[in-house]
Each structure stands twice: as C-alpha cells, then as structure tokens.
Amino acid sequence: MIRHTELLPRFVKVIPRKLGPGVLYVSTEYGTAVHSCCCGCGQEVVTPLTPTDWRLTIVGETISLWPSIGNWNLPCRSHYVIKRNRVIEAGSWGKARIEAEQKKDKAAKAKFYAQAADPVQSKASQPMTATPNRDAPQGFWAKLWLRLAS
C-alpha cells in the first residue's frame with residue numbers, strides 16, 4: 001500500500017542523511033535520485049540516473065522516473081511509478097518475473113558498457129538524426145535535462 005502519493009523534487013548537491021517523506025532528492029552532480037520508500041516503511045530508495053538504470057524526465061515543474069521502482073529487496077516489496085510528481089502504485093511481481101527482469105537488465109548493461117568500451121562500435125550504433133520530444137523542457141529545465149541526459 002502506498003502512503004506517499006506525491007513526491008516533490010528537491011535538487012541538491014549531496015543527498016541528506018535524513019530523508020524527508022514525500023521528497024525526491026535529485027543530485028545532478030552525482031547522477032542519482034533518492035527518496036524514502038513511498039509505502040511509508042522509511043527505507044531509503046536509491047535510483048541511479050544512468051543510460052542503463054533510471055531516466056529522470058522534467059516537464060515544467062514536475063518530474064518523472066522510469067522505469068518503475070520495484071523494491072524487491074526491501075521487506076515491504078513495494079512497486080510504483082513516479083509520473084509528474086505523482087506516485088502510482090503498480091502491481092506486485094512474482095519471483096520468476098523479478099528474476100527475468102533482473103537478467104534482462106544485466107544483459108542490457110553488459111551490452112551498453114561493451115559498446116561504450118569500443119568507440120567505433122558505439123558511434124556506428126548511434127542514430128544520425130534526432131527525434132523531437134514534445135515534452136522537452138524549455139529554458140533552465142532544458143539545460144538541466146541536457147546535463148542529466150549526458
């Protein structure tokens with residue numbers, strides 16, 4: 001059950017030792033977002049912002065994290081999505097589905113970092129044209145978005 005149905009973003013250089021409930025702390029310097037579990041159990045949830053982990057999207061003054069956050073290693077086993085500051089509860093997953101997703105994630109990381117280690121392969125796999133993003137933020141947020149995306 002989700003107790004915190006909204007997370008308000010707070011951009012910080014360093015993540016504080018004590019996390020406030022209902023706050024998503026974002027450190028662009030360290031490429032990570034951290035919050036207290038939305039079920040209310042108080043456990044710290046760390047979401048690294050990397051090409052193979054989570055993506056942070058900023059639209060106006062709202063933030064979204066994708067993919068979903070599955071706290072499978074916590075006693076609460078909560079699962080939710082953060083979309084435009086709202087916390088949306090997602091269904092629980094069974095052991096087989098969790099293991100399959102973890103295996104898929106591991107393979108994606110291995111492929112990504114193998115390509116990153118080979119600059120010729122990496123450049124060859126990049127698209128030549130950019131696709132416009134209707135939700136792309138403007139001004140200050142655009143600069144922050146570009147910094148997070150790089």
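Pro-67 is placed in strand S6. In this predicted model, the peptide bond that joins Trp-66 to Pro-67 is cis, with omega at about 5°. Most peptide bonds are trans, and most residues other than glycine have a negative phi. Arg-77, a residue other than glycine, shows a positive phi near 50° and is found in the loop between S6 and strand S7 (79–83). The relative accessible area of Arg-77 is 38%; this residue is therefore classed as partly exposed, a class that lies between the limits of 20% and 50%. Arg-84 likewise is not a glycine, yet its phi is positive, at about 50°. The loop between S7 and strand S8 (86–89) holds Arg-84, which counts as partly exposed at a relative accessibility of 41%.

The overall architecture comprises three helices and eight strands. Along the sequence these elements follow the pattern β-β-β-β-β-β-β-β-α-α-α. Of the 150 residues in the protein, 33% are buried. Among contacts with a separation of 6 or more, 38% involve residues 24 or more positions apart. The accessible surface of the protein amounts to about 10,200 Å², and carbon and sulfur atoms contribute 55% of this area.

Thr-47, a residue of strand S4, has a relative accessible area of 0%. Because this value is under 20%, Thr-47 is classed as buried. When neighbours within four places in sequence are left aside, the contacts of Thr-47 are with Thr-32, Ala-33, Trp-54, Leu-65 and Ile-69. One of these partners, Trp-54, is also among the residues that lie nearest the centre of the largest pocket.

The largest pocket has a volume of about 740 Å³. Its lining consists of 26 residues, and those nearest the centre are Trp-54, Pro-67, Ser-68, Glu-101 and Asp-105. Strand S4 (44–48), strand S6 (62–70) and helix H1 (95–117) are the elements that each supply two or more residues to this lining. The largest share, seven residues, is provided by H1. In terms of residue class, the lining contains 12 nonpolar residues, together with seven polar and seven charged ones.

Notes: Residues are numbered from 1 along each chain as its sequence is written. This is a predicted model: local features need pLDDT of at least 70, side-chain atom pairs count only at pLDDT 80 or more; totals for chains, interfaces and linings use all residues. Side-chain values use heavy atoms; hydrogens and water are left out. On a 1 Å grid over the protein atoms alone, a cavity is a set of points where a 1.4 Å probe fits but cannot get out, and a pocket is an open set with protein on both sides within 12 Å along at least five of seven lines; lining residues have an atom within 4 Å of a point. Grid points are joined across faces, edges and corners, and a volume is the space filled by probe spheres set on the points. Helices (H or I, at least four residues) and strands (E, at least two) are DSSP runs, numbered from the N terminus. Ala, Val, Leu, Ile, Met, Phe, Trp, Tyr, Cys and Pro count as nonpolar, Asp, Glu, Lys and Arg as charged, and the others, Gly among them, as polar. Buried means under 20% relative accessible area, exposed over 50%, partly exposed in between (1.4 Å probe, protein chains only). Contact means heavy atoms within 4.5 Å. Accessible areas come from the Shrake-Rupley method with a 1.4 Å probe; for residues, only the protein chains shown count as cover.
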